[in-house]
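Please look over the sequence and the structure below.

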Amino acid sequence: MASINPENIKNIVSSAENGLIKKTLGGFTPESTKEALQKVANGVKQLADNAIGSVQKELQAYKGKTAQEMAELTSKKDAVILSKDKQIAEVKEKAKQQLKAATSVKTGKPKTLPNGNIETVKVNKNGARMTTETTPDGKKVNITVETIDGDIRKTKYDPVSGKSVKTYTNTNSEKVLSYDGNGKFKKAETVNIQKTNQPKPKPVSEQVIEENPGMQKIRKSYSDGSYTMIDYNPLTQKAFAGEKFNAAGKKIESFKVIPENNISTKYTTKFHPETGKISETLTESSNGLKTKVLYNEAGKIYKKVELTEQGLKRIITAKTDKYGNISESYPAIKYIYPKNSPIKEARLIQQTQLHAPDEILKMKDGSSVTIKINNNYDPYNVTIMKKGEKPKVLSDSKSINEYMEQIGKIGYRQDKQYYNNYYISK
């Protein structure tokens with residue numbers, strides 16, 4: 001009697017398991033699991049049809065036999081079909097159990113963390129480990145997935161909205177993915193780049209190649225083939241202008257120094273050597289002020305970083321879409337406060353180019369402060385939020401001013417450009 005070869009059944013199930021597609025957070029996709037089960041069913045059916053077909057051929061070969069002989073063969077065929085139906089059902093059930101084991105996920109016992117949140121660990125057969133941190137009321141805070149190969153994906157969530165805030169992944173390369181307030185992807189930044197310490201080019205020669213009244217032109221050559229042409233004042237013994245070229249002779253930097261009102265300011269411009277377009281400008285004054293402006297490859301400004309008179313670092317960033325288009329309307333403003341300040345950083349929520357009705361402070365003690373500002377640039381409502389405490393609201397001008405002075409908050413009264421994000425192109 002024809003039968004299904006067990007080795008063929010094993011091959012069908014193995015092929016189905018190989019077709020399973022892993023999900024990012026462990027386990028397998030429902031679509032690939034369903035497809036794998038269907039693949040097993042189809043394969044077993046084909047084996048059974050082949051076996052029954054061999055019996056059918058056997059019956060054809062005995063045509064012309066007596067009715068009794070044909071009846072015996074027909075009974076034999078029926079017995080084969082019944083046996084095959086039973087065997088198909090057994091194989092399907094076995095395949096389902098094997099595939100179920102392949103897609104099974106084991107869940108560990110929930111653990112309470114020191115911060116009161118709950119941690120749950122799940123592990124699937126492929127070795128993927130998913131660790132979920134939730135608040136006591138079940139809201140997601142962090143989800144970390146680590147595969148057996150060491151790939152990690154850790155996503156931080158806003159427990160209030162449930163939206164993704166930031167994701168770290170080391171798949172292919174280490175990246176941090178950022179999301180907007182609606183949980184939509186905003187940008188990806190490569191992190192932990194292994195820097196190679198390239199040897200700094202050394203000066204190999206320096207000579208005066210041109211002499212004029214009150215000015216000398218000096219060529220300074222370096223070991224990597226680059227060189228600098230410097231305009232030098234022999235009376236003051238200071239360089240007042242210059243240009244730097246790479247080994248291919250392409251201009252990559254220029255500078256000039258302008259004295260004005262007892263303040264000397266150096267203006268440096270860097271260029272893309274391939275296109276000749278500006279990549280960066282740097283303004284450095286002898287009074288300590290510094291401004292860096294960054295340009296994209298098309299020559300458009302996308303970021304401005306300044307050191308203000310009050311000692312703050314002002315970062316103005318234009319909106320850039322995924323195609324590299326830059327919008328200069330309402331760029332974002334962020335301030336980094338000095339090390340000795342209780343304020344870590346401030347972020348402005350702009351309504352117009354000259355007015356931010358809200359400002360959010362991150363404090364170095366872990367608390368946050370939300371400040372509402374009126375059209376006269378004065379704070380009229382301050383909410384102080386500390387972990388484990390109820391929000392404290394200040395609404396009268398006296399207590400607000402005292403608190404602003406206590407934390408060293410800077411504003412429009414000290415810096416007229418503080419709330420002006422149009423300043424990026426000025």
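Lys 270 is partly exposed, with a relative accessible area of 33%; buried means under 20%, exposed over 50%, and partly exposed in between, with a 1.4 Å probe and protein chains only. This is a predicted model, in which local features need pLDDT of at least 70 and side-chain atom pairs count only at pLDDT 80 or more, while totals for chains, interfaces and linings use all residues. Residues are numbered from 1 along each chain as its sequence is written, and side-chain values use heavy atoms, with hydrogens and water left out.

The side chain of Lys 270 meets that of Glu 280 in a salt bridge, at 3.9 Å from N to O. This pair links distant parts of the chain, with Lys 270 in strand S15 and Glu 280 in strand S16, 10 residues apart. A salt bridge here is a side-chain nitrogen of Lys or Arg within 4 Å of a carboxyl oxygen of Asp or Glu. Helices (H or I, at least four residues) and strands (E, at least two) are DSSP runs, numbered from the N terminus. Glu 280 counts as buried, at 17% relative accessibility. The loop between S15 (263-271) and S16 (278-285) contains Gly 276, which is partly exposed at 44%. The C-alpha atom of Gly 276 is separated by 7.8 Å from that of Ile 252, 24 residues apart along the chain.

Lys 270 is also the bridge partner, in S15, of Glu 253. Strands S14 and S15 pair in the antiparallel sense over 8 bridges; two strands pair if DSSP finds at least two bridges between them. Their hairpin has 2 residues between the strands, and Asn 261 takes a positive phi near 50° in it. Further along, S15 holds Thr 265, which is buried at 11% relative accessibility. The side chain of Thr 265 makes a polar contact (3.2 Å) with the side chain of Ser 285. Leaving aside neighbours within four places in sequence, Thr 265 is in contact (heavy atoms within 4.5 Å) with residues including Lys 256, Val 257 and Thr 283.

Glu 243 stands opposite Ser 254 in S14. The side chain of Glu 243 meets that of Lys 251 in a salt bridge, at 3.3 Å from N to O. Glu 243 is partly exposed at 32%, and Lys 251 is partly exposed at 32%. The hairpin of S13 and S14 has 5 residues between the strands, and Gly 249 there takes a positive phi near 85°.

The structure holds 9 salt bridges. One of them joins Glu 306 and Arg 314, with the closest N and O atoms 2.8 Å apart. Both of these residues are buried. Salt bridges that share partners bring Glu 306, Arg 314 and Asp 415 into one network.

Arg 314 is also among the contacts of Tyr 418. Tyr 418 is one of the residues with the most contacts inside the largest nonpolar core, which has 25 residues. Such a core is a set of buried Ala, Val, Leu, Ile, Met, Phe, Trp, Tyr and Cys residues joined through side-chain atoms within 4.5 Å. Elements that give two or more residues to this core include strand S20 (326-336), strand S22 (358-363) and helix H4 (397-407). The largest share, 4 residues, comes from H4.

Over the protein chain, the secondary structure comes to 4 helices and 25 strands. Buried residues make up 32% of the 426 residues.

Methods
A polar contact is a pair of N or O atoms within 3.5 Å; within protein, one must be able to donate a hydrogen and the other to accept it, and residues adjacent in sequence count only if both atoms are side-chain atoms.
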